[in-house]
Amino acid sequence: MSSSPIYIETASAPTNIATIKYWGKADAKWNTPINDSVSVTLDQADLKAVTTAAASLSFEKDRLWLNGVEEEGAAENKRFRACVDGVMALATDKVDPKTGEVLVKKEDWKKMHVHISSYNTFPTAAGLASSAAGYAALVAAMMFLVGAKEEYPGQFSTIARQGSGSACRSLYGGFVAWRKGGDKPDWSDSMAQQVADENHWPEIRAVIMVVSDEKKDTSSTSGMSTSVATSELLKHRAANVVSKRMEAIEKAFLAKDFESFGQLTMADSNQFHATCLDTYPPIFYMNDVSKSIIRILHAYNAWAGELRSAYTYDAGPNAVIFTLDKYVVEVGALMLHYYPEFGENYISNPEFGTKIKE
Ligand code: 2P0
């Protein structure tokens, strides 16, 4: 047994649900998008990734475990390396708080290997942004482990982005935009920015219907690449639609205008799925149940004479339904009436992103 100490920290990060969607990469190497996007960060009650990062001179190689199973060769994965090495480059000295003694010099962190263990509390790769929570939690755990300090605000989000695009938005709570950037050659301006914090609109709720927990058959990365190569609608969307919607939805969120927020959210979900259908060969993420939920919610809003619910779907069939606190029981009852088998609907509030040490 080696006598080298093992340093260890744990962090958790929630998932986020985009209301204006990221779909399409501008630069695959830097993992940057063709358009801005914005999302609501969910709370950590049900949907989160919890990651423990350990470092020691006694470790022989970098290793990764996901949900308790070791991922062979994962430490060579480009996304994993970008996150671990990106945070390592911002390491600081670790100082004993009692004695002031330097325990690890900042340049010595790089000499150690890391062991990372992460688990998700929700279906992986079923369109519930598990990679967003996973990479955000990896970056956060590494930040705590090596006492990393940003050189400019938002830098950690540029690192999480290289793990998974949507992960950059999970580092903050509330309503969070991902500005696509592109004015800097290294894309260091492609980063997340908090539009409103988690206390701004406490009445907003997300009801999540897990329609299927099967792994999706077209990964986001490959789907995006086919869409960029073949969809005319995607080009139109990036050039002419998204920036107007971003401005309008940020204004709606800040004004707590649920009618406008909901309309924009549904329109953007629909356009994202239309670009999937416009992709050749087409990609189908929603199934018949997803589509029925859309019809039910439009009928419910029409019955109410106002917009009380707004759906959005990511790269999978699961519905996320935004509503307000005063209607959440009604929406939940409506869903259970039609789909009694879906006992598992999560109700989440927007909350603070990462930075929570376990
Ligand atoms: C989003 N999605 O904005 C959109 C909506 C899916 C539909 O971000 O290749 O897993 O890792 O950067 O972040 C899913 O894409 O893709 C996604 P990568 P990611 O939330």
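## Ground rules

Because the model is predicted, local features need pLDDT of at least 70 and side-chain atom pairs count only at pLDDT 80 or more, while totals for chains, interfaces and linings use all residues. Residues are numbered from 1 along each chain as its sequence is written, and side-chain values use heavy atoms, with hydrogens and water left out.

Where the two meet, domain 1 contributes 30 residues and domain 2 contributes 45 residues, with contact meaning heavy atoms within 4.5 Å.

The size of an interface is often given as the accessible area lost when the parts come together. Here, about 3200 Å² is buried between domain 1 and domain 2, and carbon and sulfur atoms give 72% of that. (Buried area is the accessible area, with a 1.4 Å probe, that two parts lose on being put together, summed over both.) On the domain 1 side, I20, K21 and W23 supply 26% of the area buried against domain 2, more than any other three residues.

## What the interface is made of

Between domain 1 and domain 2 there are 8 residue pairs in polar contact, both residues at pLDDT 80 or more. A polar contact is a pair of N or O atoms within 3.5 Å; within protein, one must be able to donate a hydrogen and the other to accept it, and residues adjacent in sequence count only if both atoms are side-chain atoms.

The largest share, 4 residues, comes from β2. Strands are DSSP runs (E, at least two residues) and helices likewise (H or I, at least four), numbered from the N terminus. By class, this side has 18 nonpolar, 5 polar and 7 charged residues; Ala, Val, Leu, Ile, Met, Phe, Trp, Tyr, Cys and Pro count as nonpolar, Asp, Glu, Lys and Arg as charged, and the others, Gly among them, as polar.

## Salt bridges

The whole structure holds 12 salt bridges, and 2 are found across the interface of domain 1 and domain 2. The rule asks for a side-chain nitrogen of Lys or Arg within 4 Å of a carboxyl oxygen of Asp or Glu.

K21 and D314 form a salt bridge at 2.5 Å, N to O. This pair links distant parts of the chain, 293 residues apart: K21 is in the loop between β2 and β3 (25-27), and D314 is in the loop between β15 (309-313) and β16 (319-324). E250 pairs with R179, their closest N and O atoms being 2.9 Å apart.

## Around the ligand

Of the 18 residues around the ligand, K25, S164, G165, S166 and T221 come nearest; a residue is near if one of its heavy atoms lies within 4 Å. For N31, a polar side-chain atom is 3.1 Å from an oxygen atom of the ligand.

## Two backbone details

Most residues other than glycine have a negative phi, and most peptide bonds are trans. N67, in the loop between β7 (63-66) and β8 (69-70), has a positive phi of about 45° although it is not a glycine. Y280 and P281 are joined by a cis peptide bond, with omega about -5°, and P281 lies in the loop between α6 (258-278) and α7 (288-304).
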